[in-house]
Amino acid sequence: MLQILFAIFFGILAGIFTGLVPGVHINLVALILFILSPYFSNFTSPLVLACFIVAMAITHCFIDFIPSIFLGAPKEETALSVLPGHRMLLKGKGYEAIKLTTIGCLLGTLVACPFAIFFIFTASFFYYYLYKGIPFILLGISLLLIIKENKKIEAFFIFLFSGVFGFLTLNFTLIKQALFPLFTSLFGSPLLLISFLQNVSIPKQKIRKVKIQKKDILTGIWSSILSSSLVSFLPGVGAAQAASISASLKKMSSKVFLFVLGMISTMTMLFSFVALYAIQKPRTGVAVFVGKFLPGLSEKEIILFMVVAVLTSFVCFFIASFFARIFSKNITKIKYKWICLGILIFLLILTPIVSGLASLLVFFVGTCLGIMASMFGIRKIHLMGSLILPVIIWYLS
Amino acid sequence: MKKKLLIFSSIFFFIGLFILIILVNHLEPKRIEISKIDEKKLEEWVKVRGEVSEVRVVKTRTGEMVLFKLSDETASIYIIFNGKNFTETRVEVIGKVIEYKGNLQIQAKKIKK
């Protein structure tokens, strides 16, 4: 019992590290842990290590939004938060943006638990139909999003070309961790470069209470549950696609969308552990390692994971707010233009280290596409075609 | 400024995409010995060559896949392939190292004689 509490504590610390630092993915830490696990097995059990991973993963969901929103350096799951977050940052509401994702994350964990129990019993049944249906669902929502645009042709063009780009990147044998250069270049670097070139400056950030309407909370909950449950049990789709699905279901303001992104972030993570148990398939890198530590999962472990997740979520609620406060107070101390340049250079150095030298080509092409999308004035969500089109092709083949 | 940026980024995008298309179609990972495949190579692309054995058609919830064992002078590994069954006994496999039920496997993208 005490060991589990220690595991949660260190898991939260690890999650803070992986969340705050761009380019460091929780999968990496989980992999290192797995490689080192023989040493750990002398004084702890695999269950404790699994709890560490769960705590780290949930913490990561919370903290990951901070570099995305404040620094424009996203990861796959938080890529869509960059633009709405940035918009709020420009209004001096960066703290509020993080608060929204944080509340979303916490609520996501709490709401996911009862639904998780429901899915444990029903997932297996729906799996086949979901599997056959998902390519059409994804195609449908992507086209729906394009049709809703004013500039339909440009949106379609961006969607199509991001799909080609994504397909090539995922099949590029010279690089590893392809998702990192893919998402950083499509969502992060264009924003940073444009902010730098346009000499954007951020106003002083106000730290104030967040107000969300009850009906927005309810909208957020049902759209998150729907999209998260669709993607969490299927291979190749995750939080990023869930966000696209939610965005297509109902038009949302930046604030509500950030809230939904937070919910999806923790929901998909929790459901991936349920998927591991219900259909014996790990759907996130983290679930892969939990599955390795605990090959014979039972309901007891899942319930323990849920308890760990809820505990971690409550702690992270305050930790995320704390970091958001620090970032808000200090981000205006340096000229934003130079922050953007600094992050951009950091990403340019980090990308080849994480993904190999060839990933710089991916980074270059992706950034160009991201800039085109910005200049066209269409929603960034069409750039999700980079994941959605390859997935559709994969499912249909 | 917007128009200039759009034009430049479009031009560079197509040039870069073109280069990427060429590279993706013509480059292959270096061939490695199967014994060199470990956890650190997870999610990486590899090329291996060896003898085929234990060919099975596996029925999954959603379709069929071909599973076989590939052995070279150093070790063996299971390959999962989403394609038609084949009869060759010596093949070259290009694929991604994945994990399945606690073991490392290669999810093949291309199989050559």
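**Close-up 1. The interface of chain B and chain A in the predicted model.** Between chain B and chain A, one residue pair is in polar contact, with both residues at pLDDT 80 or more. Helix α1 (residues 2–26) of chain B supplies 15 residues, the largest share of the side of chain B that touches chain A. In total, 29 residues of chain B are in contact with 39 residues of chain A. The area buried between the two chains is about 3300 Å², and carbon and sulfur atoms give 76% of that area. Zero salt bridges are found across this interface.

Close-up 2. L5(A) has a relative accessible area of 41%, so it counts as partly exposed.

**Close-up 3. E96(A) and its salt bridges to R208(A) and K255(A).** The side chains of R208(A) and E96(A) form a salt bridge with an N to O distance of 3.6 Å. This pair links distant parts of the chain, 112 residues apart: R208(A) is in the loop between α8 (179–197) and α9, and E96(A) is in helix α6 (residues 94–147). E96(A) also meets K255(A) in a salt bridge, at 3.1 Å from N to O. E96(A) is buried because its relative accessibility is 2%. R208(A), at 38%, is partly exposed, and K255(A), at 29%, is also partly exposed.

**Close-up 4. The salt bridge of K75(A) and D64(A).** The closest N and O atoms of this pair are 3.2 Å apart. K75(A) sits in the loop between α4 (65–71) and α5 (82–90) of chain A, while D64(A), 11 residues away, sits in the loop between α3 (46–63) and α4. Both partners are buried: K75(A) has a relative accessibility of 5%, and D64(A) has 1%.

**Close-up 5. S228(A) in helix α9 of chain A.** Helix α9 spans residues 214–232. S228(A) has a relative accessible area of 0% and is therefore buried. Its side chain reaches the backbone oxygen of S224(A) at 2.7 Å. Beyond its neighbours within four places in sequence, S228(A) is in contact with A242(A), I264(A), M267(A), T268(A) and F271(A).

**Close-up 6. A network of salt bridges in chain B.** The linked residues are E28(B), K47(B), R49(B), E92(B), K110(B) and K112(B). Over all chains, the structure holds 14 salt bridges.

How values were computed: Residues numbered from 1 in each chain as written. Chains lettered and ligands numbered in written order. Predicted model: local features only at pLDDT ≥ 70, side-chain atom pairs only at ≥ 80, totals over all residues. Heavy atoms only, no water. Buried < 20%, exposed > 50% of the residue type's maximum accessible area, 1.4 Å probe, protein only. Contact = heavy atoms within 4.5 Å. Buried area = accessible area lost by both parts, 1.4 Å probe. Salt bridge = Lys/Arg side-chain N within 4 Å of Asp/Glu carboxyl O. Polar contact = N/O pair within 3.5 Å; in protein donor to acceptor, adjacent residues only side chain to side chain. Helix = DSSP H or I, 4+ residues; strand = E, 2+ residues; numbered from the N terminus.
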